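Me: Please walk me through this structure. I would like to learn how to read its features.

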Amino acid sequence: IIALIFIYISIKEKKIKYYQNNFFYILVIFYIAINISALNSNFKINSLESSLFYWRYGIFSLATWYLIETNEKFIKNFTIFFIFIFSIVLFDSFYQFFNGNNIFGFNTDKANRLVLLLNDKVFLGGYLSRMLPILIGLIIISFQNNKLITYIFICLLLISTDISIYLSGERSAFISLILSS
């Protein structure tokens, strides 16, 4: 939806500069290449199912660029929202560990592994390990003025996320976290 809204806004306001850069040209070439490859596949329908709408990721990136340029507080507001969501997920992981189910009542009886917040999939550690570097980067960018408080918050975030991923029982997520740390 965001990609379609951005396409509409960029056409209406004649914001052609977002489409005239090397990133977009490489994306178009890549999109054409993967669709040609999908058409040459033995399983055309399965291949096209994943590659046909791949354009939306590039347009979403352009829409993010547009939002950052037009809204001065976009990154800071997004960072605060992201910290809020990440904190809820961390709180839920510790709640699960001590109570056996998450705050929405999903049971964690899958070999003593922690589950995601809104369903019973055991991807909690993977989610945390992939989102933590993004969150740390956003915190550093958004709160540059308060360096001491920022570094203390990042250290607390790292420690609590390390513990939560260890408790989730996902080895690949833990290795990913160690590499990103």
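**Helix H7 and its surroundings**

Reply: Start with packing: the buried residues of H7 are set against helix H5 (74-99), helix H6 (124-142) and H8. Contact here means heavy atoms within 4.5 Å. Helices (H or I, at least four residues) and strands (E, at least two) are DSSP runs, numbered from the N terminus. This is a predicted model: local features need pLDDT of at least 70, side-chain atom pairs count only at pLDDT 80 or more, and totals for chains, interfaces and linings use all residues. Residues are numbered from 1 along each chain as its sequence is written, and side-chain values use heavy atoms, with hydrogens and water left out.

Me: Which residues of H7 are buried?

Reply: Buried means under 20% relative accessible area, exposed over 50%, partly exposed in between (1.4 Å probe, protein chains only). In H7 the buried residues are Thr150, Ile154, Leu157, Ser160, Thr161, Ser164, Ile165, Leu167 and Ser168. They span an arc of only 155° around the axis, so they sit on the same side of H7. The arc is taken from the directions from the helix axis to the C-beta atoms. Leu148, Leu156, Ile159 and Tyr166, on the other side of H7, are exposed.

Me: What is the reach of H7 from its first C-alpha to its last?

Reply: The expected span of a helix is 1.5 Å times one less than its number of residues. H7 (residues 147-168) has 22 residues and reaches 31 Å, close to the 32 Å expected. Gly169 follows H7, and its phi is positive, near 80°.

Me: How many aromatic pairs does the structure hold?

Reply: A pair of aromatic rings is described by the distance of the centres and the angle of the planes. Rings of Phe, Tyr and Trp (its six-membered ring) pair if their centres lie within 6.5 Å; planes under 30 degrees apart count as stacked, over 60 as edge-to-face and the rest as tilted. The structure holds 14 such pairs. Phe6 and Tyr19 make a tilted one, at 5.9 Å centre to centre and 40° between the planes. Phe6 is in helix H1 (residues 2-12) and Tyr19 in the loop between H1 and helix H2 (22-39), so the pair ties together parts 13 residues apart in sequence. Both Phe6 and Tyr19 are buried.

Me: Where is confidence lowest, and where highest?

Reply: pLDDT is the predictor's confidence in each residue, from 0 to 100. The protein chain averages 85, and 91% of the residues score at least 70. Confidence is lowest in helix H3 (residues 44-51), at a mean of 81, and highest in H2, at 90.
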